Amino acid sequence: MSQQPGYYRYPTISGDRVVFVCEDDLWSVSVQGGVAIRLTANLGMVRRPFLSPDGTQLAFVGREEGHSEVYEMPALGGAAKRLTFVGSAHVEGWSRDGKAIVFRSSTGQPFHGMPHLYTINPAGGLPEQLPYGLAHSVSFGANGGVVLGRNTADPARWKRYRGGRVGVLWVDPTGEGSFRKLIDLNGNLASPMWVGERIYFLSDHEGIGHLYSCMPSGEDLQRHTQQSDYYARNASTDGTQIVYHAGADLFWFDPATESNHLIDVQFHSPKVQRQRKFVDADEFLNYYDLHPEGHSVAITTRGKSFCFGNWEGAVFQLGVPDAGRYRLTRWLNDKQRLVSICDRSGAETLEILSPDFAMPPEPLAGLDLGRVLNLEVSPTADQVILTNHRQELIWVDLATKESRILDRSDFNRIQGFCWSPDGAWVTYGCAETQFTFSIKLCRIEDGSTHCLTPPRFRDTQPMFDPGGKFIYFLSIRDFNPVYDRIYFDLSFPKALRPFLISLQKETLSPFVPLPKPLNGAKPKDSDKAEKTEDAADLESTDETVDAGKSEKPAKPKIEPIKIDLDEIQQRIVGFPVVEGIYRQIWGVEGKVLFTTYPVQGSLEGRNGSSKPDAKPSLEMYDFEAHKQERIAADVSHFRVGKDHKTLIYRSGNRLRVCGISPQDRDRNKENEPGRKSGWLDLKRVRVSVNPEQEWQQMFKEVWRLQQEQFWTPDMSGVDWQRVYERYRPLLDRVAVRSEFSDLVWEMQGELGTSHAYERGGDYREEPDYRMGFLGADFQYDAESDAYRVTHIVEGDSWTDQPRRSANWEPMCKWVMCCWRSAGSESTATAHHKSCSSTSLNVKLPSPLQDAIPAKPAAKPAPSPSKPSGAKPTCAIESGWNAITASFRQPHKAESAMSMFPI
């Protein structure tokens, strides 16, 4: 039977049994190799297992209820029990006597990243802090010896790191509490293990992570591994032997014989997380574009492009399915084809696509485009302008497959660009100095460039007026300082405003009202002239049809735009709108659209969501009415069709197509997709995902992004192609998203530099029960059979931020008052006895009594089939249960630790 090996990590050993992590679950195998046996099939991922010294118990980090906590289970398999309720915990081994689990956590600390070591009894109870201060790992030796690891993370994720957070080992050989540095090595140390008379650890001071050992005195350094391709990672010991993983394999080292062995794991798994699945298009929506006639839309989601009628018709997938990633798909002028960026060839390439299945994609190979950031199609020809990460502005002729760099900035990326209505010019925001941007103009025919605004401000996002009279742009040039309310200081929280440039000298400012009749009607001579022109056009069209020369009216001729460059910098005018935060600007006939954002505090939007809390809006300035009006609220991005009358905008993960008119409050109440509301039904798009293919594309793209955007061309002396060839075979062993992330981290770690990280991704959905924190320290007193509250964090009662303490909610204020008055153990016991009734119906002085909510009605006792640890469904009930449990059930500390689930 053929088998596909897995991606093995985090091994632990006891006797002849090894437990490791693969596919986010625990597996067991003999140290001599053989068939691996699955021990868990958890809802959440597991990490860092540690077998007990006697081999009967297994501790690990689980996420069965959302947080990373310590779990324990029988080593041969069985139900797992959650032991900690601290919010985040990492198992580091077992205590010296093997009766308690050692873990690290930053619970109770003012900041994350300040871990201390704790022990927890497998039978339950409260964690006990070890007296070692800040530490990440620990191992115990004979005669009371202790070796601590500080900053001992995973050196493979940032190889050859030598900064201030480098791993260091500290040793107390006799257990007297006096620690000293174990050894001075120019490397990153991790995984301290005391085995016999020697201390083993991982270090990369010789260029790659190997297993080393020395005496507790730091003398007699020896190296025990010889692999040259991959770092030795996450080593652990049972006191006599050591296991670790390198690449995606497990290794066993026997100190007694100084021998290293590859553990031959026979792995049989259905690999269900590699199977095809379907995802929602709106969840992964990236780009969108309106059809030139406005009746259809093209979207790109999860690296795939689709086109479909706004509210009717079938959905067509564009390009080659499951082959590369598509981005920035735009309609071409023939209204049939589209152009997109795809990397299925291994490099980003322009492709011409069509919904017609008989027309295969047409790649424009051989063009050096770099990493394309934005792309726009010419309004008159099969040409595109694009920008890339090299800070270049590139013109490409799709018909001749020619390309030309129009301009490049030495300081920053191009900030917005736009074709002129006649397709002869392009305007763009270019960084002329390190801190300033100018609006520039380039003639496509000869490549000549002109600076329209002086390099004194940050002028970006230029857009042509469809009539060819103006260029609109955004600029930071309103220096109206605001005094800070706390510090005696000044700041510029807004400073942005829309501006325009008149392209012709004779063009009057659109902000100066012109004389007109009372009713606003145009002069009769003007109406007569317009009617005469319309009649002439109609007569000309009729003659053409009668002559049989054409079946359709002739297209209106596009007049070349006239641009007077002389003194053009003196024709800059600001819009009569308030300064603020503006992101986009777009000109339509007689109007200008722009998005505005409110000023947002830095503490807002920190709840793990990528969506901003601040609600932007789409505004319109009407030159005829000389006023600003709102088009729609909660608009993060928008585009306008080529008819300059149809608008498509994004609100959250939704798209809406509508006309350009002030906000219709009645219509805005329509939320269901349809022609009336304008909302598109993105559920019509069925997006299939093949994880195996997707991971291959992602892996190559990650590698290519580093190659194209690394801070130095020589990749810091790293042979980046060789790195790709070394790690690419491991991708075939990946079966879940966390393993892919781990592989990317280690590959990027070869660069030995910061800001080479991997975050996010489409992980399998896990349980997510957010846990509140009581904000109090407990101490159990066995003699009185009660908990003493030794410290209460009061927090701020006036704020809704997470730093607010739940202890000061009305529901538990009176209990907190009782606890705070507990000055001695006898007093605490008295409070325990006085509050031990099931009702907790204690009469308190008014108005405190009025602030106490009524206790929820008691519920029947759970049936034997219902888990005893089931969470209450009501937050108030949960709070009451936690309060009463903390007084009446001293052996169930978890009830108090999770007092207010969110």
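Analyst: Asp 446 and Arg 443 form a salt bridge in which the closest N and O atoms are 3.7 Å apart. This pair, like everything described below, belongs to a predicted model. The distance meets the rule for a salt bridge, because that rule asks for a side-chain nitrogen of Lys or Arg within 4 Å of a carboxyl oxygen of Asp or Glu. Arg 443 has a relative accessibility of 30% and therefore counts as partly exposed. Elsewhere, salt bridges that share partners join several residues into one network: Arg 9, Asp 154, Arg 157, Lys 159, Arg 233, Arg 726, Asp 742, Glu 746 and Glu 750. The general principle is that side chains of opposite charge can pair when their charged atoms come close.

By this rule, the model contains 54 salt bridges. Two further examples deserve attention. In one of them, the side chains of Arg 198 and Asp 220 meet with an N to O distance of 2.8 Å. This pair links distant parts of the chain, 22 residues apart: Arg 198 is in strand 19 (residues 198–203), while Asp 220 is in the loop between strand 20 (210–214) and strand 21 (222–223). The two partners fall into separate classes of accessibility. Arg 198 is buried, because its relative accessible area is 12% and buried means under 20%. Asp 220, with 42%, is partly exposed.

The other example involves Glu 206 and Arg 223, whose side chains meet in a salt bridge of 3.1 Å, N to O. Glu 206 counts as partly exposed at 47% relative accessibility, and Arg 223 is partly exposed at 34%.

Arg 726 and Asp 742 both belong to the network, and their numbers fall within helix 4 (residues 720–727) and helix 5 (residues 737–749) respectively. Two packed helices are described by the angle between their axes and the distance between the axes. The axes of helix 4 and helix 5 come within 10 Å and cross at roughly 150 degrees. Helix 4 is therefore roughly antiparallel to helix 5, since angles over 145 degrees are classed in that way. The crossing of these two helices is right-handed.

Most residues other than glycine have a negative phi. Ser 716, in the loop between helix 3 (691–709) and helix 4, has a positive phi of about 55 degrees although it is not a glycine. Ser 716 is partly exposed, with a relative accessible area of 36%. Asp 24 likewise has a positive phi, of about 65 degrees, without being a glycine. Asp 24 lies in the loop between strand 2 (17–22) and strand 3 (25–30), and counts as buried because its relative accessibility is 4%.

Tyr 483, Phe 488 and Leu 490 make a nonpolar surface patch of about 410 Å². Tyr 483, in strand 46 (residues 482–483), counts as exposed at 53% relative accessibility.

Notes:
Residues are numbered from 1 along each chain as its sequence is written. This is a predicted model: local features need pLDDT of at least 70, side-chain atom pairs count only at pLDDT 80 or more; totals for chains, interfaces and linings use all residues. Side-chain values use heavy atoms; hydrogens and water are left out. Patches are made of residues with over 30% relative accessible area and no salt bridge: like charges are joined within 9 Å, nonpolar side chains (Val, Leu, Ile, Met, Phe, Trp, Tyr) within 5 Å. Accessible areas come from the Shrake-Rupley method with a 1.4 Å probe; for residues, only the protein chains shown count as cover. Helices (H or I, at least four residues) and strands (E, at least two) are DSSP runs, numbered from the N terminus. Buried means under 20% relative accessible area, exposed over 50%, partly exposed in between (1.4 Å probe, protein chains only). Axes are lines fitted to C-alpha atoms, for helices over the stretch in contact, and angles run from 0 to 180 degrees between N-to-C directions. Angles under 35 degrees count as roughly parallel, over 145 as roughly antiparallel, 65 to 115 as roughly perpendicular and the rest as oblique. A crossing is left-handed if the near helix is turned anticlockwise from the far one by less than a right angle, and right-handed if clockwise.
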